[in-house]
Amino acid sequence: MADKKKRVAIIASTGGLETAYKVLNIATAAAALDAEVAVFFTFDGLSIIHKDAASMLQLGPGKEHLKENFAKAGVPTIPELLNMAKESGVKLIACQMTMDVMGLDRSHFIDGVDVGGAATFLDFAFDADVTLSF
């Protein structure tokens, strides 16, 4: 009998560069450990998968120095982490309700993002071994 894959369900509801790194680091690490991973991007978390993420994702006050340290430490950029996530099979789900409220559509997001409601995410999360919220 084959082992059941672990499932990791992540909710990204806040924006900012720090949150983007936290969410994508956990998602790609879990995928590298052969887990099924889904990330539900809602409210400000949608900025992580927005085509204009580079200008939207900023560090919090007093943490500007971290941007240089990420590069020095060889940490992949957010676009690189998003590509790694997609290539690893991580499901990236944009919240339909938040998109409607904010007047956004699929054209605002990077390729490879699914659009779904809370029920879409919950269908995955009901069987999750780990659930995280950022």
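The largest pocket holds about 350 Å³ of space, where a pocket is an open set of points on a 1 Å grid over the protein atoms alone, fitting a 1.4 Å probe, with protein on both sides within 12 Å along at least five of seven lines. This is a predicted model, in which local features need pLDDT of at least 70 and side-chain atom pairs count only at pLDDT 80 or more, while totals for chains, interfaces and linings use all residues. Residues are numbered from 1 along each chain as its sequence is written, and side-chain values use heavy atoms, leaving out hydrogens and water.

**The largest pocket**
- Its lining consists of 19 residues (those with an atom within 4 Å of a point), and Leu17, Ala54, Thr77, Ile78 and Pro79 lie nearest the centre.
- Two or more lining residues come from each of H1, helix H2 (53-56), helix H3 (65-72) and H4.
- H4 provides the largest share of the lining, five residues.
- By class, 13 lining residues are nonpolar, three are polar and three are charged.

**The nonpolar cores**
- The largest nonpolar core has 33 residues; such a core joins buried residues (under 20% relative accessible area, 1.4 Å probe, protein chains only) of the types Ala, Val, Leu, Ile, Met, Phe, Trp, Tyr and Cys through side-chain atoms within 4.5 Å.
- Val37, Val39, Phe41, Leu46, Ile49, Ile78 and Val90 touch the most other members.
- Strand S1 (7-12), helix H1 (17-32), strand S2 (36-41), helix H4 (78-87) and strand S3 (91-95) each give two or more residues to this core.
- H1 gives the largest share, eight residues.
- Apart from this core lies another, of eight residues, including Ala9, Ala38, Phe40 and Cys95.

Methods. Buried < 20%, exposed > 50% of the residue type's maximum accessible area, 1.4 Å probe, protein only. Helix = DSSP H or I, 4+ residues; strand = E, 2+ residues; numbered from the N terminus. Points joined across faces, edges and corners; volume = space filled by probe spheres on them. Nonpolar A, V, L, I, M, F, W, Y, C, P; charged D, E, K, R; others polar.
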